[in-house]
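I opened my notebook today to look a few things up in a structure, one at a time. Come along and check each entry against the picture.

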Amino acid sequence: SIVMLETIRVWLKRDSGQYWPSIYHTMASPCSAMAYHHDSRRIFVGQDNGAIMEFHISEDFNKMNFVKTYPAHQNRVSAITFCLASEWLISTGHDKCISWMCTRSGSMLGRHYFTSWASCLQYDHETQHAFVGDYSGQITLLKLEQNTCSVITTLKGHEGSITSLWWDPVQRLLFSGASDHSIIMWDIGGRKGRTLLLQGHHDKVQAICYIQLTRQLVSCSADGGIAVWNMDISREEAPQWLESDSCQKCEQPFFWNIKQMWDTKTIGLRQHHCRKCGQAVCGKCSTKRSSYPIMGFEFQVRVCDSCFESIKDEDRTSLATFHEGKHNISHMSMDISRGLMVTCGSDRIVKIWDMTPVVGCSLATGFSSR
């Protein structure tokens with residue numbers, strides 16, 4: 001377990017089952033991001049000043065040697081990925097850019113700028129594609145080359161800044177969490193470009209992790225909510241919201257439809273949308289609320305009266321489990337092979353969770369729950 005603020009600490013589990021700090025290293029600037037490469041025991045720490053520092057941890061995890069500093073960014077480093085095959089250090093920052101540097105020479109290979117702060121990063125090692133989420137709510141897919149890059153596409157679906165990304169190279173799925181409390185699954189590999197919306201959090205989604213073996217998504221939000229989503233079922237896409245000048249049920253005009261209001265001598269109404277069919281409806285035609293988990297709505301949302309009638313009780317069965325982290329979660333990491341999860345809170349507490357009761361790891365890896 002490795003913890004940061006202005007310090008890097010390595011905690012070792014003793015025979016007693018207690019964790020004790022073995023390394024305590026103070027940094028010159030507050031730490032903002034970290035990547036640890038397990039096999040080579042190399043750790044890369046991004047800082048508020050834009051620099052990334054590389055260290056090498058000894059075999060017994062009792063010593064940490066400084067390797068080099070990378071001048072990666074002009075402002076806070078938000079995310080880091082290390083690719084051993086190419087010896088690339090890829091990072092995003094609040095200077096609105098993604099940079100990739102050579103870890104052999106320490107030199108800058110390339111940079112690409114966005115219109116707003118780059119907040120999170122995922123990288124496909126095989127194809128050299130990078131996914132970058134930013135504060136405008138946009139995700140950019142880039143193809144990185146030795147000294148240049150090209151923008152493949154941009155994904156727009158969130159109404160708030162992107163806070164977390166997870167790329168699954170096996171199914172070619174990208175998951176994004178945002179400050180709008182929602183998660184979107186983007187089917188990158190699928191020809192149709194399917195997107196699934198998942199709404200079960202009541203605060204911004206801070207971290208996500210997809211477990212490919214069991215087809216489950218684990219997500220954590222700032223209020224301490226932990227959700228485990230069943231992605232092993234055929235979910236439905238939420239509809240695009242339709243636009244209309246009058247209610248698509250009773251045909252009453254909406255308040256900007258001055259002509260119809262004048263012609264029919266009626267007062268204009270507020271426009272709402274049914275989450276199940278996407279139709280533009282007035283308040284009177286959408287008085288009911290329902291959850292609809294197959295479309296990702298785990299809590300009650302506005303539906304029009306006819307859609308409400310069509311939803312059966314079994315359609316409301318939850319397709320996720322919800323758990324209480326009991327601290328404001330700011331970071332999360334999972335060791336999928338052992339079914340363990342670590343959450344770091346804004347309360348400066350690190351919690352280690354046994355996830356085997358809710359995640360089907362034992363089925364996939366032969367790991368028995370404790």
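**Entry 1: T321.** I began with T321 and found it in strand β27, which runs over residues 320-324. I kept in mind that this is a predicted model. Is T321 buried or exposed, or something in between? I noted a relative accessibility of 36%, so T321 counts as partly exposed.

Next I looked up what T321 touches. Leaving aside neighbours within four places in sequence, I listed contacts with I226, A227, V228 and V358. I also found a polar contact of 2.8 Å between the side chains of T321 and H323.

Entry 2: For residues 198-239 I wrote down 50% strand and 0% helix, and 13 Å between the end C-alpha atoms.

**Entry 3: the cores.** I reminded myself that in soluble globular proteins, nonpolar side chains tend to be buried together. Which residues touch the most other members of the largest nonpolar core? I found that this core has 27 residues, and that F131, I139, L165, L174, W186, C247 and F297 touch the most other members. The elements giving two or more residues to this core are β14 (138-144), β16 (162-168), β18 (182-187), β24 (280-281) and β26 (297-303). I also noted a second, separate core of 16 residues, which includes C83, I90, W100 and C102.

I then went back to W186. Not counting residues up to four places away in sequence, W186 touches a list of residues including I139, L155, L173, L174 and R194.

**Entry 4: the cysteines.** A disulfide is a covalent bond between the sulfur atoms of two cysteines. How many disulfides does the count give? I got 0 disulfides. C282 counts as buried, because its relative accessibility is 1%. For C344, I found the closest cysteine sulfur in C220, at 10 Å, so that pair is too far for a bond as well.

Methods: Residues numbered from 1 in each chain as written. Predicted model: local features only at pLDDT ≥ 70, side-chain atom pairs only at ≥ 80, totals over all residues. Heavy atoms only, no water. Helix = DSSP H or I, 4+ residues; strand = E, 2+ residues; numbered from the N terminus. Buried < 20%, exposed > 50% of the residue type's maximum accessible area, 1.4 Å probe, protein only. Contact = heavy atoms within 4.5 Å. Polar contact = N/O pair within 3.5 Å; in protein donor to acceptor, adjacent residues only side chain to side chain. Core = buried A, V, L, I, M, F, W, Y, C linked by side-chain atoms within 4.5 Å. Disulfide = S-S within 2.5 Å.
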